[in-house]
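Here is a friendly walk through one protein chain, meant to be read with the model open beside you. Have a look at the sequence and the fold, then come back for the guided tour.

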Amino acid sequence: MFKADNLYVTASASGKMTKKLYLEWCEKILFSHAEDRYILLADSWRTNSYQEAVLEFKPEELEYEMITIPPKVAGDIQPLDRLFFRMYKDFFRKMSSFVILHSLPLQVHHRDVILKMHSLVYQQFQSPRFGDLVNQAGICAAILTSPLTM
């Protein structure tokens, strides 16, 4: 399987996030990149409710808080859903479509090709050109959830 420095790849039998995978992600990804203070904005999906288990992996010096988005509104107020993921998915689809349209010798449905494409797209979104994208997503989500617009 293709290994990229900017991806963490694992799998489950069901294809869904399990408690074990969630805790593994918290330990190996979330807390390994967190510095000083961290707020995790999570949707209300059941797997995200295992906070007691998550705290076992939290570094002692880290200030950590999890805020849960109420059910059925994550797509409206989750900052990355508001802007970043839409652009990311569109970029990914355009790459796939380009390969298919121009009959390039790649099988876009193969796991290694998918991983390579995700690695490339993620790398592209690290460019300074996209630096304000996540911040803008947060502003957009905050505007939609402010008391003045509800």
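The notes below go from the whole chain down to single residues.

This is a predicted model, so local features need pLDDT of at least 70 and side-chain atom pairs count only at pLDDT 80 or more, while totals for chains, interfaces and linings use all residues. Residues are numbered from 1 along each chain as its sequence is written, and side-chain values use heavy atoms, with hydrogens and water left out. The chain holds six helices and two strands; helices (H or I, at least four residues) and strands (E, at least two) are DSSP runs, numbered from the N terminus.

**Overall layout**

- Reading from the N terminus, the order of elements is α-β-α-β-α-α-α-α.
- Along the principal axes, the C-alpha atoms fill a box of roughly 50 × 40 × 30 Å.
- Of the 150 residues, 27% count as buried; here buried means under 20% relative accessible area, exposed means over 50%, and partly exposed lies in between (1.4 Å probe, protein chains only).
- Among contacts with a separation of 6 or more, 70% come from residues 24 or more positions apart, a contact being heavy atoms within 4.5 Å.

**Annotated region**

- The UniProt record, an unreviewed entry, carries the annotation "domain: DDE-1" over residues 10–97. UniProt positions are given in the numbering used here, feature names are shortened, and annotations may be inferred rather than shown by experiment.
- Over residues 10–97 the chain is 49% helix and 14% strand, and the end C-alpha atoms are 26 Å apart.

**Surface and charge**

- The chain exposes about 11,000 Å², with carbon and sulfur atoms supplying 56% of that area. Accessible areas come from the Shrake-Rupley method with a 1.4 Å probe, and for residues only the protein chains shown count as cover.
- There are 17 positive and 17 negative charges, and their mean positions are 11 Å apart. Lys and Arg count as positive and Asp and Glu as negative, while His and the chain ends are not counted. Each charge is placed at NZ of Lys, CZ of Arg, CG of Asp or CD of Glu.

**Two loop residues with positive phi**

- Asp36 is not a glycine, yet its phi is positive at about 55°. Asp36 sits in the loop between helix H1 (19–33) and strand S1 (37–42), and is exposed at a relative accessible area of 62%.
- Ser103, also not a glycine, has a positive phi of about 50°. Ser103 belongs to the loop between helix H4 (79–101) and helix H5 (111–124), and its 62% relative accessibility makes it exposed.

- The 14 residues of H5 should span 20 Å at 1.5 Å a residue, and its end C-alpha atoms are 20 Å apart, which agrees. The expected span is 1.5 Å times one less than the number of residues.
- Val113, Leu115, Met117, Ser119 and Val121 are the buried residues of H5, and the buried residues of H5 pack against H4.
- Phe91 lies in helix H4 and is partly exposed, with a relative accessible area of 29%. Leaving out residues up to four places away in sequence, Phe91 touches Val121, Gln124 and Phe125.
- Phe91 and Tyr122 are 31 residues apart along the chain, and their C-alpha atoms are separated by 10.0 Å.
- Asn6 is in the segment before H1 and is partly exposed at 29% relative accessible area. Not counting residues up to four places away in sequence, Asn6 touches Ser119, Tyr122 and Gln123.

**Further contacts across the sequence**

- Leu83 is placed in helix H4 and is partly exposed, with a relative accessible area of 21%. Beyond residues up to four places away in sequence, Leu83 touches Leu133, Gln136 and Ala137.
- Leu83 and Ala137 are 54 residues apart in sequence, while their C-alpha atoms are 5.2 Å apart in space.
- Lys58 is in the loop between helix H2 (51–55) and strand S2 (63–68) and is partly exposed at 23% relative accessible area. With residues up to four places away in sequence not counted, Lys58 touches Phe31 and Tyr64.
- Lys58 and Cys26 are 32 residues apart in sequence and 8.2 Å apart in space, C-alpha to C-alpha.
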